Amino acid sequence: MTVDEDRGGELVQGTLEMLVLKTLALEPMHGWGIAHRIEAMSGRVFLVTQGSLYPALVRMKRRGWISSSWQTTANNRRARYYALTAAGERQLSEQRAAWQRATSAVSAILGARTVPVNA
Amino acid sequence: MSLFSDVVERLRALAFRRQDERDLDNELRFHLEMEAEEMRRKGIAPQEIRRRTVLALGGVDRTKEEVRDATGVRWLSDAWDDARFALRVLRQRPTFTVTAVLTLALGIGGTTAVFSAVDAVLIKPLPYGQPGRLVRLYYVDTRRKIDGSFVTPVHYLAYRDGLKSFESLAALNTYGESGGDITGDEGRGARRIHVLYVSRDYFDVLRSPLAAGRPFDAQDEVSGRAIVLSDALWRDRFHRDASAMGRTLTMNGVPYVITGVMQPGFTDPVVIGGAVDAWIPIDLAPGRIPSNVDNHYMTVIGRLRPGVTITAAQAELDALGVRLSAEYPHTKTVGAVLKPLKEDVVGESSRALQLMLAAAFAVLLLVCVNVANLLLVRGSERGREFALRGALGAGETRIVRQLLMESLVLALAGDVAGLVVAQLAMRGIVALGGGSIPRLTALSLDPRILGFSILISSVCAIACGLVPAMRAGRSDPNETLRGGGGESRSSTDGRSHARLRSLLVVAQVALAFVLVAGAGLLIASVRRLRELDLGIRAENVLTFELHLPEARYDSTARARTYEEVAHRLEAIPGVSAAGGVSKLPATGQYNIWGAEALSGPLAGTKSADVPAENRVVSGDYFKAVGIQIVSGRAFNAGDVPSAPRRVIVSQSLAKRIYPGVDPIGQTISAGDATCLIVGVANDVSVDAEGRAEDFVYHPHAQFAGDRNWALAQVVAATTSPEAIEADVRRVVTATDPELVMHHPMSLAEAIGRGEGQRTFTLRLLASFAAMSLGLAALGLFGVLSYGVKLRSREIAIRVALGAEARAIRRMVLRQGMSMTGIGMVIGLVGALAASRLMASLLFRVSPVDPRILASAACCLFVVGGLAAYLPASRASSVDPRTALQ
């Protein structure tokens with residue numbers, strides 16, 4: 001679970017996968033890079049631990065959303081790079097749409113001031 | 001989610017497990033290094049960096065575990081580890097493992113082989129198109145009380161022409177000589193082949209078209225010198241050369257034109273073993289001697305028209321029979337019955353096989369019981385191990401899975417070994433029974449049956465392997481580890497298990513008793529048969545077939561040659577007498593031509609005409625096989641064709657048709673001639689079971705014109721038949737280099753062939769009985785030893801309180817004997833129930849013979865005593881000082 005409760009960030013199950021997909025949509029990246037990016041992009045609200053990241057990567061690879069290959073980093077070190085596949089791209093847009101539907105619904109509820117009139 | 005990528009990725013993960021692990025290590029190490037670098041960049045103190053890295057390292061193993069779970073092949077790779085562990089565990093206990101695997105192999109192999117045999121003989125349909133419509137037609141005679149025999153050519157032709165129920169009706173000659181010597185072809189030596197005489201309908205009836213050439217036609221049946229080769233003969237002699245068609249093959253000195261070749265793999269339904277090398281047309285020319293209305297030698301098989309029942313066909317047959325008896329008044333008691341061909345072919349062997357099946361099933365049961373017992377004992381012994389593993393954190397499911405894997409590995413090893421045993425057993429079964437049980441040679445391993453046996457034994461192994469696992473999972477490690485290990489003494493679980501195991505042993509003893517008693521009954525039967533006085537002396541007599549080819553030997557030459565061969569053989573040192581006969585004594589019925597007294601008190605009355613076996617003899621046949629001439633004389637050189645016809649009759653026949661008068665000098669009608677009785681011979685049994693029949697013996701010198709008798713030669717040796725065989729062969733070749741000495745064997749062996757089925761059953765049943773005895777002993781031994789181990793504290797207390805070693809030993813022995821005793825009582829009931837199945841295979845032995853049942857009981861008591869003795873003596877040597885610590 002990608003939780004850093006000290007900073008108030010709680011991730012709904014499955015959200016990590018969406019975030020990983022989003023990160024990889026920008027460019028292929030190795031595991032540490034993915035974790036680092038998510039932390040940075042979330043303003044260090046989300047801390048991604050090894051224990052949740054790597055199993056998630058294996059699962060996603062099994063589902064065919066991402067592919068992996070060993071490559072050399074800028075510092076000339078060997079690292080496993082993950083990249084988005086076509087299926088992964090589709091998955092990302094689906095998840096993004098679902099997420100947006102869910103969040104707007106939640107904020108609509110949280111922002112409500114009057115009881116809606118029954119139709 | 002794509003199912004395809006999922007499966008591919010899982011399989012890849014499984015296949016490259018080691019590579020993946022290395023990759024994961026590298027990946028996680030890279031992660032930590034990047035983390036450390038990042039911290040350095042942020043200016044965190046090196047000490048703090050080291051502290052955090054070490055902390056993070058602690059999480060690496062958990063991460064790895066979670067990654068492994070995420071691969072989706074976790075259960076499979078675990079199973080692989082379990083299997084390797086199971087192999088190691090099984091290797092550590094070789095005695096247990098070998099015993100269990102061998103037991104399983106015997107059960108699986110034995111049952112698979114016997115089930116396959118039963119399937120091949122009894123269950124599989126005959127290998128011809130629409131086999132359900134095939135029937136066999138038997139001749140019956142109400143007056144002569146003959147209820148199933150061969151048909152005359154006259155009747156066969158009448159049936160073939162007159163019956164509308166049949167699509168086709170074929171006649172075969174399986175009765176007379178069936179060998180042919182093929183010579184001279186392409187410079188190759190003489191060879192004896194198995195020839196079958198068949199009518200032109202034969203191939204139609206069996207729906208078996210020729211592979212090449214044409215079947216026989218009406219012309220062939222009259223003047224036929226045509227021959228159809230088997231695929232094997234075509235291959236051996238002509239190398240499958242199509243130009244062989246139309247060429248000639250010389251057989252018995254006569255040229256035959258090859259008109260066709262049979263399909264490969266074709267077997268005849270009636271000939272036992274089914275192997276025929278060639279078919280030639282049966283002689284149906286009208287007016288010839290073999291075609292007369294009293295000459296019963298044809299086997300008739302037919303194919304019913306679609307929709308015609310066997311009852312309807314029988315009714316038509318009976319109606320035709322009435323018309324025929326009007327035409328041939330003296331055959332008015334002759335009729336015919338129909339029988340489904342498969343039933344006819346399988347016939348008597350079905351009893352033997354059913355018995356085998358029952359025995360094999362009993363052994364499979366025993367095997368399952370034994371494996372169950374072994375695993376139960378083994379599981380209890382390992383209570384401590386499971387408790388320890390549980391205490392170290394292995395979950396219950398994990399332990400159960402591990403045990404399941406052990407049982408699976410064990411069952412698998414048993415299955416593989418069982419397959420080997422099955423193959424060997426089947427080879428043995430064919431070797432033992434192929435000559436006496438029809439269709440057995442077509443035996444092949446049936447995968448369904450193999451699967452069935454494997455399933456049964458594996459389920460048994462797995463189920464029994466799981467019982468202790470369940471208990472281990474439930475037991476409190478604290479308790480078990482502190483106690484003596486294994487089943488805790490107070491546990492009711494343990495006691496109910498002990499009771500279950502005792503029950504299993506009782507069942508084993510019961511089954512073993514049934515099998516041992518069965519084998520005992522058969523052994524007694526075979527011994528009775530051996531002790532039987534058949535009226536002949538079969539020891540040290542060499543027999544062989546000698547065929548004189550018609551082309552070079554006319555009836556005069558045949559008459560002379562057979563006598564000459566006998567004389568020359570008698571000149572061999574070590575030979576006391578030699579002769580020939582149309583059918584070896586005690587090997588079954590042959591020419592039942594009957595006999596009628598033409599003189600004496602009964603002449604002209606109905607009781608003067610009786611059924612009788614007729615035999616044609618040459619040389620000094622009577623002396624060679626030890627038949628006494630009780631009055632009158634044996635045949636001699638004076639009994640030539642020009643002299644009046646002479647016969648010798650058996651004592652019983654003489655008494656029957658010449659009551660109160662001297663049979664010598666009386667006249668008798670036998671073999672289509674009026675003959676003078678010159679001698680009376682002692683009675684000889686017609687088969688190996690001592691069935692008495694009346695006999696008329698004709699001298700071959702006077703009878704050679706009737707047909708080309710291929711006389712079986714009998715040579716009495718003063719030492720052993722083997723010792724003279726080479727000399728005999730020399731004499732035969734010296735007489736005529738082209739003559740072949742066929743099937744040399746001892747007379748005892750030839751007679752024993754008729755008992756093939758009984759011996760086959762006996763050998764199989766005896767091996768099953770031995771196996772079951774061993775299994776029961778093993779089971780008893782296992783349960784008692786385990787009981788002793790379990791009770792070692794109790795025994796130690798007894799010893800400490802002054803019990804003598806002898807009393808302890810007696811206590812364990814008594815326990816073993818009481819289990820044996822109870823098992824035997826149950827077994828006795830089983831044996832009585834099974835006696836019905838045995839009855840037809842027994843000979844002059846009651847299926848409930850008390851002496852045999854008692855012997856079987858003794859046998860089991862001895863084996864049970866031996867099995868109980870070891871644990872008993874171990875119990876008596878329990879040392880209270882060590883056991884009570």
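Reply: What follows is a short exchange on cavities, a sheet and an interface.
Reply: The model is predicted, so to speak by its record: local features need pLDDT of at least 70, side-chain atom pairs count only at pLDDT 80 or more, and totals for chains, interfaces and linings use all residues. Residues are numbered from 1 along each chain as written, chains are lettered from A and ligands numbered from 1 in the order written, and side-chain values use heavy atoms, with hydrogens and water left out.

Me: How many cavities of 30 Å³ or more are there?
Reply: Four. A cavity is a set of points on a 1 Å grid over the protein atoms alone where a 1.4 Å probe fits but cannot get out, and lining residues have an atom within 4 Å of a point. Points are joined across faces, edges and corners, and the volume is the space filled by probe spheres set on them.

Me: What volume has the largest, and what lines it?
Reply: The largest cavity has about 80 Å³ and 12 lining residues, with B:Leu375, B:Arg378, B:Arg382, B:Leu403 and B:Glu406 nearest its centre. Helix 12 (349-381), helix 14 (396-433) and helix 15 (447-474) of chain B each give two or more residues. Helices (H or I, at least four residues) and strands (E, at least two) are DSSP runs, numbered from the N terminus.

Me: Which helix gives the most there?
Reply: Helix 14 of chain B, with four residues.

Me: And the second largest cavity, what volume?
Reply: About 50 Å³. Its lining includes B:Val509, B:Leu773, B:Thr820 and B:Gly864. Helix 24 (756-790) and helix 27 (850-876) of chain B give two or more residues each, and helix 24 gives the most, with four.

Me: Switching topic. In what order do the strands of the chain A sheet run?
Reply: The order is 1-3-2, in an open antiparallel sheet of three strands. Strand 1 (29-30) and strand 2 (66-72) of chain A are the edges. Two strands pair if DSSP finds at least two bridges between them. Seven bridges join strand 2 to strand 3 (78-84) of chain A, and A:Ile66 has A:Leu84 as its bridge partner.

Me: Which helix packs on that sheet?
Reply: Helix 2 (17-41) of chain B, touching strand 1, strand 2 and strand 3 of chain A, where a contact means heavy atoms within 4.5 Å. Its direction makes about 100° with that of strand 3; axes are lines fitted to C-alpha atoms, for helices over the stretch in contact, and angles run from 0 to 180 degrees between N-to-C directions.

Me: How many residues are in contact between chain B and chain A?
Reply: 29 of chain B with 25 of chain A. The two chains bury about 2400 Å², 54% of it on carbon and sulfur atoms. Buried area is the accessible area (1.4 Å probe) lost on putting two parts together, summed over both.

Note on methods: On a 1 Å grid over the protein atoms alone, a cavity is a set of points where a 1.4 Å probe fits but cannot get out, and a pocket is an open set with protein on both sides within 12 Å along at least five of seven lines; lining residues have an atom within 4 Å of a point.
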